[in-house]
Amino acid sequence: MLSLLESCGSTKIANAAIKGSDMIVLLNDFEIKKGNNTEFKKYLVVQNEILQYPICVYRFDENTYEALLMKCTHQGTELQVFGDKLQCPAHGSEFNNHGKVENGPASTSLRTFPITIEGNQLKISLK
Ligand code: FES
């Protein structure tokens with residue numbers, strides 16, 4: 001099962017700019033144009049060289065997003081995203097798209113970041 005998931009888990013990591021203490025993600029980056037229709041990605045994985053771990057930004061609707069640090073709260077391994085879940089390759093912990101633990105051994109939620117929406121940008125506060 002896991003190898004099947006991995007084969008379609010080609011998550012692209014986008015580089016995001018940092019301004020002050022905010023990471024900036026363009027809302028357009030969630031869009032997938034299909035002819036005249038626009039669909040939206042469920043999540044984006046963003047990275048900047050000043051961060052030790054990438055951040056997974058889930059989109060629930062145009063005003064609702066969640067930014068999760070992809071660092072396992074068990075022993076700090078970088079998580080992998082599979083759709084609505086993040087999994088730890090080290091000992092199998094699983095977190096949902098709000099960062100809550102669904103399977104141990106991790107017992108605490110992922111770090112989340114406050115998000116504000118300004119025009120066509122998401123500002124993720126890293127403070
Ligand atoms: S480091 Fe993630 S489950 Fe142990």
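**Strands, sheets and cores**

Mentor: Strands β6 (residues 43-47) and β7 (residues 55-61) run antiparallel and are joined by four bridges. Keep in mind that this is a predicted model.

Trainee: Which residue is the bridge partner of Leu44 in β7?

Mentor: Leu44 has Val57 as its bridge partner there.

Trainee: And what sheet do those strands belong to?

Mentor: An open sheet of five strands, in the order β1-β6-β7-β8-β13, with mixed pairing. Its edge strands are β1 (13-15) and β13 (112-113), each of which pairs on one side only.

Trainee: OK, the four-stranded open sheet next. What is its order?

Mentor: The order is β2-β3-β15-β14, and the pairing is antiparallel. At the edges stand β2 (17-19) and β14, each with a single partner strand, so one side of each has no neighbour in the sheet. From one strand to the next, the twist averages 30 degrees.

Trainee: How many bridges does β15 make with β3, and how many with β14?

Mentor: With β3 (residues 22-26) there are five bridges, in the antiparallel sense. With β14 (residues 115-118) there are four, also antiparallel. As for individual pairs, Val25 has Leu122 of β15 as its bridge partner, and Glu118 stands opposite Gln121 in β15.

Trainee: What sits between β14 and β15?

Mentor: They form a hairpin with two residues between the strands, and Gly119 there takes a positive phi near 60 degrees.

Trainee: Is β15 (residues 121-125) largely enclosed or left open, and why?

Mentor: Largely enclosed by the rest of the structure, because five of its five residues are buried. That covers both faces: Gln121, Lys123 and Ser125 are buried on one side, and Leu122 and Ile124 on the other.

Trainee: Take Thr116 then. Buried, partly exposed or exposed?

Mentor: Thr116 has 45% relative accessibility, so it counts as partly exposed. This residue lies in strand β14. Beyond its neighbours within four places in sequence, Thr116 is in contact with Gln121, Leu122 and Lys123.

Trainee: And where is Asn63 relative to Thr116?

Mentor: The two are 53 residues apart along the chain, with their C-alpha atoms separated by 9.3 Å.

Trainee: Switching topic. Which residues touch the most other members in the largest nonpolar core?

Mentor: That core has 18 residues, and the ones touching the most other members are Met23, Val25, Val46, Ile55, Val57 and Ile124. At least two residues each come from β3, β6, β7, β8 (64-69) and β15. The largest share, three residues, is from β8.

Trainee: What is Val46 in contact with, leaving aside neighbours within four places in sequence?

Mentor: Ile13, Ala14, Ala16, Met23, Val25, Pro54, Ile55 and Val57.

Trainee: And what other core lies apart from the largest one?

Mentor: There is another core of 13 residues, among them Leu68, Cys72, Leu86 and Phe95. In soluble globular proteins, nonpolar side chains tend to be buried together.

Note on methods:
Residues numbered from 1 in each chain as written. Predicted model: local features only at pLDDT ≥ 70, side-chain atom pairs only at ≥ 80, totals over all residues. Heavy atoms only, no water. Buried < 20%, exposed > 50% of the residue type's maximum accessible area, 1.4 Å probe, protein only. Pairing = 2+ DSSP bridges. Contact = heavy atoms within 4.5 Å. Core = buried A, V, L, I, M, F, W, Y, C linked by side-chain atoms within 4.5 Å. Axes fitted to C-alpha atoms, helices over the stretch in contact; angles between N-to-C directions.
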